[in-house]
Amino acid sequence: MWCSAVCPSTAMIGMLLLWAFTDASATLSVISLQNPVRVFSGQTAVLPISLQFQNPAWEFYHVKWDFITGKRPVLVCMVDSCTGAPGSRERTCQHSLEQTGLYQQRANISFENASLVLKAVQPEDAGMYRIMVRSLDVSGTALVNLTVEGEVAWKSLSTINSLRMVFACLVLFILALAVGEYIHASGSNFTQREETLGPPEMPDGGAPLVGATQHIIVPSTSASFHGQ
């Protein structure tokens, strides 16, 4: 569930009044679940936060996110008139959200844990962010560092992959040439060996018979029998 229904004047005025009269010494745990948060340029960044109130039956709280590195506020969210048991599906709250001009349509917040959501982050969004949460008698703050890998990283990675592919193709080409040269050399040696040996010679040293037909005379067994 995300905060919506923007009410700029009500959110800002109520936030200033609450912070002016709130006792900051009370206990509220605002915990950063991941620090730093790393994303690539153009992706959506989620700065995860966990809220732990001293009084679980809280009825309202105010959240303010600031971009400390850029020295500018991001958004203010007011949650009020909560009913139902904390953590149950029956629990409902009224909430309003105010974003600054640079974060219109880009920044949002999770109602369950006050995590900041930034869409289409750019390298200039990288830096330190601070969340400040206050209720009637509790307050807390936390810092989250956002790291954005720009287009340079993507281009470097693409260049490295291209060089690896070119090198692999060059190695395959050299191997193919070596195999082809080996096959050609082996065929030439085999032909030269056949030419050197030539046709087989006759046992008596005479010239070999080429195309001659040999006739073998076998004595007749019947004639020998009658002669005896």
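C169 is partly exposed, at 47% relative accessible area, while C77 is buried, at 1%. Here buried means under 20% relative accessible area, exposed means over 50%, and partly exposed lies in between, using a 1.4 Å probe and protein chains only. The structure holds 0 disulfides, a disulfide being a pair of cysteine sulfur atoms within 2.5 Å.

## About the model

This is a predicted model, in which local features need pLDDT of at least 70 and side-chain atom pairs count only at pLDDT 80 or more, though totals for chains, interfaces and linings use all residues. Residues are numbered from 1 along each chain as its sequence is written, and side-chain values use heavy atoms, leaving out hydrogens and water.

Strands are DSSP runs of E with at least two residues, numbered from the N terminus.

Beyond neighbours within four places in sequence, V74 is in contact (heavy atoms within 4.5 Å) with residues including W65, F67, Y103, L116 and Y129.

## A buried aspartate

D125 sits in the loop between β9 (116-118) and β10 (127-134). With 3% relative accessibility, D125 counts as buried. Its side chain makes a polar contact with the side chain of R106, at 2.6 Å. Such a contact is a pair of N or O atoms within 3.5 Å; within protein, one must be able to donate a hydrogen and the other to accept it, and residues adjacent in sequence count only if both atoms are side-chain atoms.

Leaving out residues up to four places away in sequence, D125 touches F67, R72, R106, A120, L146 and V148.

How values were computed: Helices (H or I, at least four residues) and strands (E, at least two) are DSSP runs, numbered from the N terminus.
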